Number of protein chains: 2
Amino acid sequence: MSLQATNGAGEVELGQDFTRHVIESMGPNTSPRLRQVMTSLIQHVHDFAREVQLTMDEWMLGVQLINWAGQMSTDRRNEGQLLCDVIGLESLVDNITYRAAAKSGKPVTASAILGPFWRADAPTRPNGSTITFDTPDDAQVTFMHGRVVCAETGKPIPNAVVDIWQASTNGLYEQQDPNQKEHNLRGKFVTDENGEYSLYCLRPTPYPVPNDGPAGKLLKLLDRHEWRPAHIHLIVQADGFKPVTTQIFDEKSKYLEDDSVFAVKSGLTVQFQERKGDPNASLELEYNISLAPAA
Amino acid sequence: MSLQATNGAGEVELGQDFTRHVIESMGPNTSPRLRQVMTSLIQHVHDFAREVQLTMDEWMLGVQLINWAGQMSTDRRNEGQLLCDVIGLESLVDNITYRAAAKSGKPVTASAILGPFWRADAPTRPNGSTITFDTPDDAQVTFMHGRVVCAETGKPIPNAVVDIWQASTNGLYEQQDPNQKEHNLRGKFVTDENGEYSLYCLRPTPYPVPNDGPAGKLLKLLDRHEWRPAHIHLIVQADGFKPVTTQIFDEKSKYLEDDSVFAVKSGLTVQFQERKGDPNASLELEYNISLAPAA
């Protein structure tokens, strides 16, 4: 066949002509965007295989890893996502997607990856209430509060929804842990007329990503640890503004420089302060969020 | 953090410094080969994401496709493998792996991809016997025979194992089809003292790859058909020789130029001849196999 250069004997080398043939097999009704994405993907995957002279056995191990990721994924766990996270892909794509908002030059809150533990059905709770119901003895309860403002005008945004979730001090989110009640350490708060929200939560602690699947296996093979620095997840959204998905990191935490999923960014570290006179919390955290207008 | 260049506002661009940081997170105990493979893989995956400015939504669709592949895979079906096949990856890796054997310049039989339907436990059958037990009315039974020889000396190889499998005329392999008996159209044949094997099989017919999973979905989105040209699968191995996994294609078949999994190569097309005087077969196929010495 014309797309193969012979190699002395029966076996021929599948070079760039072969890759072009695979790319050009896309039909005229492929959407322009999908054509662009798949052209680049096929080119890079083929170049990768040629560059490292990937063998059948190695490729099959990769296929098994990917199949295993799917087999471990449920509505409560996304192992394919975690596999992407440990090679920095989710952080990169998150950055590509949300960088546009920052191009205005205004101080928009930086984004960070969603991670696999967000739940769409978290309950809305009143400001000043708690998200910690099964508080462990080693936990430090924190009064967290702040204001959601417009990045253009600095004006407060009422009725913004601040969706917050975090792991307990044993490193587990409630859906991973039969000893935590449903929706423990998880809730949505709606800002008041001053754009303010408030709640009681835990000072977060470092924890390892799950190591019983292919992502854990890969980390082990790459001689990397599984730990994430202490963080709280947030999604903040309001009508007329671009939503932001982010994580805030305790500036005193271990693993800020070597997060196993590469989510730490400058501007996302926060400082927990001592809180006095509140029987419900020993620490305080003020965290303000700045959203870019949607238009 | 030093690995991020600021972008005017809070959001920063994750460029080559970020990719280097992810690659350099591999620990000292990573095996040299895995380090080589993962360095190239991470570089290409990151470059791909930046090149097409991949968005979170697009990436998540990819994650879902990959998880779906795992969820559909069983001991009888490998959808992760099929997903690789439709972007030409298995053919490319097969080519990389087995090209070495051909570098000797001797006429070694060319390889082709294994595909997802091989079974390790196929029965050994006597030469001259049949692999077709539920022969459909529209099938053309073929007497297939040939000799396995050494590529260096041309001498016949006795006790070589010729493992053969094919789909029925409805396009299904026996493990996909409750109406075919166990191991129908599948068997191993051991060459005699003259290096010869023989069996009755079907003239193969084109068939579509399974379209009920992510590979089928992708083909549809790429406006490509699902068809494979008519072929018979073989694995041939003998003590002291490099085994070969291959496929032979009916030179009269449709789809030789646009195989949905890109497995067709020059040197792998064969000619079915009329056979006279045999009440069991109307066609004949001679196919000789040449193996490279292992050393």
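Modeller: pLDDT is the predictor's confidence in each residue, from 0 to 100. This is a predicted model: local features need pLDDT of at least 70, side-chain atom pairs count only at pLDDT 80 or more, and totals for chains, interfaces and linings use all residues. Residues are numbered from 1 along each chain as its sequence is written, chains are lettered from A in the order written, and side-chain values use heavy atoms, without hydrogens or water.

Biologist: What pLDDT does chain A average?

Modeller: In chain A, 94% of the residues score at least 70. Residues 1-10 fall below 50, yet this stretch has 27 contacts (heavy atoms within 4.5 Å) beyond near neighbours in sequence. The chain A average is 91.

Biologist: Which residue of chain A has the C-alpha nearest the axis?

Modeller: The superposition rotates chain A by 180°. The C-alpha nearest that axis lies 2.0 Å from it. The residue is A:Gly70.

Biologist: Which element gives the largest share of the side of chain A that touches chain B?

Modeller: The contact takes 87 residues from each of chain A and chain B. Among the elements giving two or more residues are strand 2 (9-13), helix 2 (32-51) and helix 3 (56-72) of chain A. The largest share, 16 residues, comes from helix 2 of chain A.

Biologist: Which residue of chain B meets A:Glu58 in a salt bridge?

Modeller: A salt bridge puts a side-chain nitrogen of Lys or Arg within 4 Å of a carboxyl oxygen of Asp or Glu. The count between chain A and chain B is 2. In one of them, A:Glu58 has an N to O distance of 2.7 Å. Its partner is B:Arg33.

Conventions: Copies are superposed by least squares on the C-alpha atoms of residues with pLDDT of at least 70 in both. Helices (H or I, at least four residues) and strands (E, at least two) are DSSP runs, numbered from the N terminus.
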